[in-house]
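Here is a chain to go through by question and answer. Each answer sets a value against its cut-off.

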Amino acid sequence: MVLPLGALSISSTVENGTARVLLSKPLRRKHFFLGTLLSDVVAVFLGTALYTGVLIAYAVHLGGGRRAVEIGLVFGVLLFLSLLYYLALGYLLSTLTGGRKALLTSILLAFLLDFAVPIAFMAVFGRSEEFARKALYFPVPEVQYLALASAVSPKKALPPGPLVNLLNHKSNLLLIVIPTLLYLAASWLKFKKADLR
């Protein structure tokens, strides 16, 4: 749902004239863009925090203790970063195409990036030792998330390994963060030059 949210954030305000009205006031494009982005980031953060909180509470209820809280928080942060990636990609689609085309493209991309690519990747590479290294060729958050999860729990065994294993996979973490920043920068540059009439 985050990718379509980003895909409609900018384009819908431009198409229905809201952006034109707001920008006729003493409001700069930069502030409009950052305000829209901040509201979407807060919505994603609240949803992720709620989801992570429920999972941690359930794990603690099952007897997971402090370890369940640590693992839940780390993977909550990874989930938040992955969702920010999708939000930024949605913003890029919103500024490049706009309207229904952005929405349909985002739904197709969400299916491919969340289901098709990770399933194909797992089918080809499994959970081998080279999993995290091979994942570097696929800048898709779900693949990086699987690589990082396999670093903590290589064979889906319980209890999981130490969380410090995540730090051995800095490249996988960067493949979630760097494209997010690039997509947002490209979105801003496109929106900055867009004709809002």
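Q: What makes Gly6, Ala7, Leu8, Ser9, Ile10, Ser11 and Ala102 contacts of Ser94?
A: Contact means heavy atoms within 4.5 Å. Leaving aside neighbours within four places in sequence, Ser94 is in contact with Gly6, Ala7, Leu8, Ser9, Ile10, Ser11 and Ala102. This is a predicted model: local features need pLDDT of at least 70, side-chain atom pairs count only at pLDDT 80 or more, and totals for chains, interfaces and linings use all residues. Residues are numbered from 1 along each chain as its sequence is written, and side-chain values use heavy atoms, with hydrogens and water left out.

Q: Why is Ser94 called buried?
A: Its relative accessible area is 4%. Buried means under 20%, exposed over 50%, and partly exposed in between (1.4 Å probe, protein chains only). Ser94 therefore counts as buried. Its place is in helix H4; helices (H or I, at least four residues) and strands (E, at least two) are DSSP runs, numbered from the N terminus.

Q: Why is Val60 called partly exposed?
A: Val60 has a relative accessible area of 38%, so it is partly exposed. This residue is found in helix H3 (residues 29-61). Beyond neighbours within four places in sequence, Val60 is in contact with Gly65 and Val69.

Q: Why does Gly99 count as buried?
A: The relative accessible area of Gly99 is 8%, so the residue is buried. Gly99 sits in helix H5. Not counting residues up to four places away in sequence, Gly99 touches Leu8, Ser11 and Glu15. The C-alpha atoms of Gly99 and Ala7 are separated by 8.1 Å, although the two are 92 residues apart along the chain.

Q: What makes a residue part of the lining of the second largest pocket?
A: On a 1 Å grid over the protein atoms alone, a pocket is an open set of points where a 1.4 Å probe fits, with protein on both sides within 12 Å along at least five of seven lines; lining residues have an atom within 4 Å of a point. Here 13 residues line the pocket, and Leu79, Leu83, Tyr86, Asp114 and Glu142 lie nearest its centre. H4 gives the most to this lining, with 4 residues.

Q: How many helices and strands are in the protein chain?
A: There are 8 helices and 0 strands.
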